[in-house]
Structures are given as C-alpha cells and as structure tokens.
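I opened a new page for this protein today. My plan is to start with the whole chain and then look up single residues.

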Amino acid sequence: MSHGKLLGSLPEASGLALSLRTPNVLWSLNDSDAPVVIALDPAGDTIGRVRIAGADVNNWEDVSVAPCSNGSCLYVADAGNGGGTQRNEVVIYRVPEPRPDDKETARAEVFNAAYPEGEDHEAEAVFVIDQQLYLVTKGHPSLLFRFPREMPHGTLATLERIGQIPTERFLKGTIPRRTRITDGETSPDGRWVALRTNEALLVYRSLDLAAGNTNSLWHANLRALDEVQGEGVAISDDGDVYLASEGGSQNRPGTFAHLKCALPQ
C-alpha cells in the first residue's frame, strides 16, 4: 500500500501495536531515550507522545496492546541486550491504554520475569494471547517462552519454554542476523500473531503459538521494501500489516510501511 515514509520522531523504532481504544492509531517507541510511547496514524505521521509513568528505560524493545480488565492495556517490554550483553531478566510495564493526546499514563504496574535455569537471552518480540504474555528470543535458535498467567507484584516469575520458531528455514541467501525475530504482535481480535525479522513477515494462528505448534505458518519476503533495519510489526483483523524500521546510524529517521495481506480463512 505504501512504504518509505520517514518517521522523524522514531530513529530507533522498535515496535508497533494497533490501538484498541482509539481507531486508526498505532503505538511505537524508541529503544532508548525517555520512557515515552509515540502515537502514529495509519500513514505513519506522529500524532502524540505519552510518557509511561513509573517506568525506566534500559533497552525497550516491544510495545503491545491487548484486552484486559481495564478495557485495553498497553504493555512495554524492556527485554533487549542491555549494555550489549544478553540478560536473564525481563521487565514488563503495563498501563491502561492511553489516548494519543494524553501527556502521561497512570502509574505503570511492573512485572519481572527470568529465563529458566539461569539462561541469558536477548528478546525484541513480546505479545499477548488471551491475556497471557509470550516472548520470542532474538537469535538462533528463536525460542518461544510463555509468562505465567499470574505474576504477583514484587515477585520474580519464571518463563516457560514452549517451542522454537523455525527461522533457520530462511537462512538461505542471506546472513544469519537478518533472520532474527525483531518484533511480534497479536491482531486486535486475537486470532493472528505477526512476527517479523529484518527481511520477512511470519503469520501464525494465535491458537497454534499458544500451544507451542510453531511449524504451521505463512511467510512473506520483505526484501523489496529495502528497510535499513526492519524492526516493528502490527497486524489488523483484516490483514493490514504495518511495519517500522530503524533509521540506522547517525540518528537517521526510521521508516514506515503498510501492506495488505489476504489472511487464510
């Protein structure tokens, strides 16, 4: 539908999510800088900046929106390679989803979780299925983890490994780092999960991923978009796919693209 739109406010665009509260709004964020989420319209124009109260930034990598007891909630995952090294612990911030013209959210709930058996990973893809969080690691293998459904405040939850995304299928003709998972998001109706690498779009049925069934997926090559560093993805109920790329070095603006996909019945 369109591609190459410059995201002047997002040189490090590291995630995308469709709003459930406000039609025709997407949320994104930079992976460093202030604890702020950026509201975009479907053309990629910035329409708001909202501060996440009570949140700190180490390496933010994902923003998600999903139904919750408050109607809709916005999640921010601090799960990147803090300081250039992999990490054992992931921090999730959750707030009632704001409006694009809000200045600040309610104070965030904070959830802490660790990989099992002392494992260290880097992750950029966190998404919600049926009010439960899931995470895919960035690297080879691309591991799928599930968060506990209940994570009491002040405790350290343990992630459960439930599968592996078969990114090794896409190694031919490219370099391995271009096939690492860089974002994931669930469609508003909860039926689909879109994952992406720098060069590819992967679409799953949510029920398959929740069950750890990772081999049944749809794949599209994104190389024709010529993104500098493809990072963010969001998917609508009707197959609108929105993509964000970081701008690369020297604080260049990121880019925004809109595709239309025919989802399987």
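**Entry 1: a loop residue.** I note at once that this is a predicted model. I began with E117, which sits in the loop between β9 and β10. Its phi is near 55°, a positive value in a residue other than glycine. Is E117 buried or exposed? I found a relative accessible area of 79% for E117, and the cut-off for exposed is over 50%, so E117 is exposed.

**Entry 2: another positive phi.** Next I looked up Q131, in the loop between β10 and β11. Phi of Q131 is near 60°, again a positive value in a residue other than glycine. Q131 has a relative accessible area of 48%, so I wrote it down as partly exposed.

**Entry 3: a cis bond.** I then checked P141, which has its place in the loop between β11 and β12. The peptide bond that leads from H140 to P141 is cis. I noted its omega as near 5°.

**Entry 4: the whole chain.** Then I stepped back. How many helices and strands are there in the protein chain? I noted one helix and 21 strands. I also looked up the box that the C-alpha atoms fill, and along the principal axes it is roughly 45 × 40 × 40 Å. What is the radius of gyration of the protein chain? It is 17 Å. A compact globule of 265 residues would have a value near 18 Å, so the two agree.

Entry 5: I looked up burial next. Buried residues make up 58% of the 265 residues. The accessible surface comes to about 11200 Å², and carbon and sulfur atoms hold 46% of that surface. For charges, I noted 24 positive and 36 negative ones. Their mean positions are 3 Å apart. I also looked at contacts between residues at least 6 apart in sequence, and 51% of these join residues at least 24 apart.

**Entry 6: the cores.** The largest nonpolar core has 22 residues. Which of them touch the most other members? I listed Y75, V90, I92, Y115, L133, L135 and F147. The elements that give two or more residues to this core are β6, β7, β8, β9, β10, β11 and β12. There is also a second, separate core of 18 residues, and its members include V50, W60, V63 and V65. Leaving aside neighbours within four places in sequence, V90 is in contact with D78, A79, F111, N112, A113, Y115, L135 and F147.

**Entry 7: a strand residue.** I picked A39, found in strand β4, residues 36-40. A39 counts as buried because its relative accessibility is 0%. Beyond neighbours within four places in sequence, the contacts of A39 include V25, L26, W27, I47 and P100. I also checked a distance: A39 and L29 are ten residues apart in sequence, and their C-alpha atoms are 8.7 Å apart.

Entry 8: Last, I looked up D31, in the loop between β3 and β4. Is D31 buried or exposed? Its relative accessibility is 10%, and buried means under 20%, so D31 counts as buried. With neighbours within four places left aside, the residues in contact with D31 include E12, S14, N58, W60 and E246. D31 and K5 are 26 residues apart in sequence, and 19 Å apart from C-alpha to C-alpha.

Terms used. Residues numbered from 1 in each chain as written. Predicted model: local features only at pLDDT ≥ 70, side-chain atom pairs only at ≥ 80, totals over all residues. Heavy atoms only, no water. Helix = DSSP H or I, 4+ residues; strand = E, 2+ residues; numbered from the N terminus. Rg over C-alpha atoms; globule rule 2.2 N^0.38 Å. Buried < 20%, exposed > 50% of the residue type's maximum accessible area, 1.4 Å probe, protein only. Contact = heavy atoms within 4.5 Å. Areas by Shrake-Rupley, 256 points an atom, 1.4 Å probe, with all protein chains shown as cover. Lys, Arg positive; Asp, Glu negative; His and termini not counted. Charge placed at Lys NZ, Arg CZ, Asp CG, Glu CD. Core = buried A, V, L, I, M, F, W, Y, C linked by side-chain atoms within 4.5 Å.
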